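Please open the model in your viewer and keep the selection panel at hand.

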Amino acid sequence: MTLFIQQLFNGLALGGVYCLAAIGLTLVFGVLRIPNLAHGALYMLGAYLTYFFLTTIGVPYIAAIGIAAIMLFVVGVGLERLVFHPLRNSPHTHHMIAAVGAMFFFQALAQAIWGADFRRMDTPITGELRILGAEISAQRIVIIVVAVIVLALLAWFIKRSIHGQTIEAIEQDRVGASLVGINPSMVSMLTLGLSALLATIAAGLVAPINLLSPTMGDALNLKVFAIIILGGLGSLPGAIVGGFALAIAETMTATYISSGVGEAVAFIVLVAVLAIKPTGLFTKAVQR
Amino acid sequence: MTLLEIRDLGKRFGGLDAVKDVSLDVEEGRITAVIGPNGAGKSTLFNLIHGYYRPTSGSVTFKGDDITNSSPHHAVADGIARTFQTTHLFDDSTLLENVLAGRIVRSKSTIFDAVFHTPRHRRESRINKDKAMEALEFCEIDTHRHDLASNVPQEVQKRTAVAMALATEPELLLLDEPAGGIPEEETTDFGNLIRSLPKRGVSVLLVEHKMSMIMGLADTILVLDHGQKLALGTPAEIQSNPDVIRAYLGSTAEEKK
Amino acid sequence: MNALKNPRLLGMLAVVIVLAAAPIFFAEQNYAMRVVTVGMCAAIAVYGLNIILGFTGQLSLAQGGFFGIGAYGVGLLTTDFDWSFWSAFIVTIIGTAAVGYLCGLIALRTKDEYFAIFTMAIGFIIFLVISRWESVTHAHSGVNNVKFPEGGGIIDFESPVAMFYLVFVILLICIYVTHAIRRSSVGRTLLTIRTSEDLADAIGVRVGFSKQLAFAASAVLGGIGGGLYATVVGFIGPDSASIDKTFEFLMFILVGGMGTVAGPLLGSMIVTFLFELFQDFQAYRFIVLGPIIVALVIFAPRGIIGYLGGIVDRRSRKQKIAEARRTADGASPEYDTAKSGTVTSGIDPEETK
């Protein structure tokens, strides 16, 4: 039972990270109608920048994440301007190829600056909490708390603020939104920036638990795509439910079956969903 | 002889009946038309016949075979071709290439025939090209055969869509608003093309908005309203049917004039 | 046969002749020979990518994975199992065909972004299996001393020149098959799917089945390329299955031209040469190459052959249009027919005569 509680919290912490990363990706899909294959690379870059500010510069942990997130927001905006915007009328294969190009650029950049070796980011948050007999590291509690706060802020932002509402409007109806005076290209920039920002928060939170490497985004990329396909491309609640579901499934199979199976869960989910319903679960059937 | 038999066909989209209890016989060698206001379920009916949608009730029979649940490529192989409301063409290809695409379904040669350049491959290539040219000539657009589809006027594009459908050697052709987007004065020519199809052994089922065109063209007319049958009969019967006049003809006839 | 009047064929012949003559100049430089030979192995895999991406219009991110299966199939069978190269090669090809066909069972149900994501997952899983399954694949230690193909008589494949011509001949076969597919109804089927799956459906094309076959075919070519790569290089590591490989292939095909017959070959040769220039910065080359690929997709998505082919097509179309008009007795429409700058789908119906 103690093990189960322990793993449940591990799963929730991981789920928080997945949610933050997946929500940005699903928002980008909803607004720009493109799967941003470079999303994992943005996550990786966010982790390294957090590492840089925390370890090299020496700013406090939360501030390091904040600065990195703001920088990644700018990177996201730049990515939209320089890569996706010029390709908005191209065949769908083109922007995916371009995204892969961007992904390799970011990876090579990180490798050039920080090297190909794994790096460890020591957590400034130490100590453990006892919950129902299980020892939960404070870092994981922080992840869960921060993830919930950020998700709540995001929900508030989308429902209440003008920018958030325009994102929602475009997600629902791009043509209609431009008719009522919303500038879709502004919203596209904002969305990509936001997705990079959220990915950075996720990366900064999880970095002390995991190791950093230029290819750390590859596995995450696959997982967040599995999540948003499971939850329905473009669906926010879908990304949240999918994120926690995948994370808990992963930790539980890793604990009770084997770590190899745990790693394969995302892939199994992805293949199963595509095999059963090729356009993902929870997506509305589009009328021809 | 009845070519296509539709019995009590229905399709629900999340609680709404797009098509409900529609029955219709399409006779061989005839032109049958489906009319109705926007959203009456005409295109849905086409999609049901051609296998894009699975009906929620009813059946479709073609030449005595039940094709209710068959897929579009089976429908085409069986001899039912279609065109779309918004003209779908391969824009970056020439008209001849477009029409040749219609020959795919009748091509038997495999990749091995192509690689080894077998006699079957050569014979089939020749036949395909002859048939495609014949379809282009029939639609009177053979002089445009080397033009790109995106470069020719709307009317030629519409004719190309028909030629592409004819290249699949159909017995029944479903035309979804074939004259849509064509200037009024050119619809007569286009009507003549459709009228000549039965002589070629191709029966026609069409959806059309242009009333003047339908009345001089169709042998039988089905009027749909809110997915259901409002009336069925000859053009003369339809024109004098009080329900039809009230629901549809009256209003649009006034708008048109 | 008026092949000499066909600029496409002439161009292709020129490239092939230059390549065939390469050993005359480089025979003494083993390194240069090997670079070109490895480039041709990659080109074979790129011809596979061409079938699924260029013809069918679906982005497959699993090509590097299939290349890896080919490399490891030949590598492991000839070392740990001590098979002869040829039997290992044939079994590997059959194996990649089977894997490709099985993956295709799901891939055929997906399209566009779902297809890309699905194949990304496949590619990643293949890489994970190869880099983690230590007891079989030796993970990061890789596979050493992959056997050379067994020659007969005077042919000794330990000589780089013989190896070069072996890969060259197989590459030529791939090019010819691509050419044959393209002008046949099989190619027309795939191009139809690329343009519009709905329209393809409406004219009776078996969209899903065709996609599955195209995917399996692309996997097979990936496997052939990988298998030859293993024997040419002699040592393989997990990076031969990584997504980096897929990315290289994408770059090759983009430079040469998607959906063309000569594009993959030309692109592979040019970019292989560029890679050599950058080879001192091996790890960092993507800092330059990443932006280049983005720029290519934005500014020159049709690739070298795509643009050349476009010019050739436009010229020949103009002639044919004029001819059609003349025979049609003054039926002269008043709009400009030859103004377009777009490339045709490339199936030249006149060629099939």
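Of the 288 residues of chain A, what percentage count as buried? The figure is 53%, where a residue is buried if 20 or more other C-beta atoms, placed from the backbone, lie within 10 Å of its own. Bear in mind that this is a predicted model, in which local features need pLDDT of at least 70 and side-chain atom pairs count only at pLDDT 80 or more, while totals for chains, interfaces and linings use all residues. Residues are numbered from 1 along each chain as its sequence is written, and chains are lettered from A, with ligands numbered from 1, in the order in which they are written.

**Chain A as a whole**

Select chain A and colour it by secondary structure: it has 11 helices and four strands, these being DSSP runs (H or I, at least four residues, for helices; E, at least two, for strands) numbered from the N terminus. The radius of gyration of chain A, taken over C-alpha atoms, is 19 Å, close to the 19 Å that the globule rule gives for 288 residues, so the chain is as compact as a globular protein of that length; the rule is 2.2 Å times the number of residues to the power 0.38.

**Helix α4 of chain A**

Next, select residues 92–114 of chain A, which form helix α4. Its 23 residues should span 33 Å at 1.5 Å a residue, and this agrees with its end C-alpha atoms, which are 33 Å apart; the expected span is 1.5 Å times one less than the number of residues. The helix is mostly covered, with 17 of its 23 residues buried, and after α4(A) comes Gly115(A), whose phi is positive, near 85 degrees.

**The sheet of chain B**

Move to chain B, where an open sheet of four strands, with antiparallel pairing, has the order β2-β1-β4-β5; two strands pair if DSSP finds at least two bridges between them. At the edges stand β2 (16–27) and β5 (65–66) of chain B, each with a single partner strand, so one side of each is left without a neighbour in the sheet. Strand β1 (residues 2–13) of chain B pairs with β2(B) over eight bridges, and Thr2(B) stands opposite Glu27(B) in β2(B).

**Where chain C meets chain A**

Finally, show chains A and C together: 31 residues of chain C are in contact with 33 residues of chain A, contact meaning that the C-beta atoms, placed from the backbone, lie within 7 Å. On the chain C side, α5(C) gives the most, with 10 residues.

Note on methods
Contact = placed C-beta atoms within 7 Å. Buried ≥ 20, exposed ≤ 12 C-beta atoms within 10 Å, placed from the backbone.
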